[in-house]
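Dear colleague,

I am passing on the structure we spoke about, and my notes on it follow below. Please read them with the model open beside you.

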Amino acid sequence: MTTGSSGDMRCIIVIPCLNEEKHIEPLIGKLGQALDDLDARIVVADGGSTDRTREIVRDIAERDPRILLLDNPKRLQSAAINLAMEVFGEDYEYFIRIDAHGDYPADYCQTLVEEAGATGADSVVVAMRTMGFSAFQKATAVAQNSKLGNGGSKHREGAKGHWAEHGHHALMRVSAFRSVGGYDETFSHNEDAELDYRLHKAGYRIWLTDKTAMTYYPRSSIPTLFKQYLGYGRGRARNILKHRSMPSLRQMLPLAVVPIFIGAFLAVLSWIAVIPVGLWAVACIAYGFWIALGQGNPYGPLAAISAMVMHFAWSMGFWMEVFSFRNRGVAS
């Protein structure tokens, strides 16, 4: 275990982004104090934005040389972090990953570094709280903040600080990151869980802090939410197939959604075939009304719809990846 004050531990803050002109300037502004407190710099790794994101960052960088714009030709968030560590990581003990489409407390970075010093953790991860603005976003946030949408994941619900196997990526020791090879750039989703698996296996320690958290803004429409969770499902399947691990119980339950949905078409032979998918739909809707009545949240019923979209897309993505993997195996 290593300890030290935040002033002894220099860190680099990396923001992967793509078309974030509405968020990038206020986000960098909120991180300004961390630049002074942590002797840090901010690297905005841009994946080829076509809006004003790059122009905004260049303007900020002209006023403050501690802000840098880095081209990320591979466009993926995993590639953005890898590239930033390859170019700049040698000079820093830690890096902090910031998502451009989120919000953070003013002392977020400072708290992460303090936690790393206090615990000796190689990685400090955080809980992710979801909130929305439009009606659909608010409903999706309700779903994602509940067991209906997150299955009881501790880094989605929040928990007392503890050693964990996974959490929302926040701070990591550069040497640990490099020793396991960084992010796997074949993953467009679930790259954080995949890296955590390798960190844990290599003996590095991950601390889920309860001293700070980030706020995430969910997708604002059904098609974009579906696409996001389709990717999550594919990413989780790739993770399981790569490491030959078993999915947890909370992951196995939504896996059944697409099979029972397909099985419902057998209703032409027997009405019994629709019972499983009917039970799933009723359970989701009932949970939504329980949220509305039990918690006094009017978005509960609509949250049930968001959760059903998430379950179905995640299950579809998972099975698409599994069958794609099998087909590749047969072809080879």
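What percentage of the chain over residues 300-320 is helix, and how far apart are the end C-alpha atoms? Over that stretch the chain is 100% helix and 0% strand, with the end C-alpha atoms 30 Å apart, where helices (H or I, at least four residues) and strands (E, at least two) are DSSP runs numbered from the N terminus.

This is a predicted model, in which local features need pLDDT of at least 70 and side-chain atom pairs count only at pLDDT 80 or more, while totals for chains, interfaces and linings use all residues. Residues are numbered from 1 along each chain as its sequence is written, and side-chain values use heavy atoms, with hydrogens and water left out.

The unreviewed UniProt entry annotates residues 252-271, 277-293 and 300-320 as "transmembrane region"; such annotations may be inferred rather than shown by experiment. Over residues 252-271 the chain is 55% helix and 0% strand, and its end C-alpha atoms lie 25 Å apart.

Helix α11 (residues 222-243) has 22 residues and should span 32 Å at 1.5 Å a residue, which agrees with the 32 Å between its end C-alpha atoms; the expected span is 1.5 Å times one less than the number of residues. Among the buried residues of α11 are L225, Y229, R236 and H243, buried meaning under 20% relative accessible area (1.4 Å probe, protein chains only). Just after α11, R244 takes a positive phi of about 55°.

With kind regards

Notes. Buried < 20%, exposed > 50% of the residue type's maximum accessible area, 1.4 Å probe, protein only.
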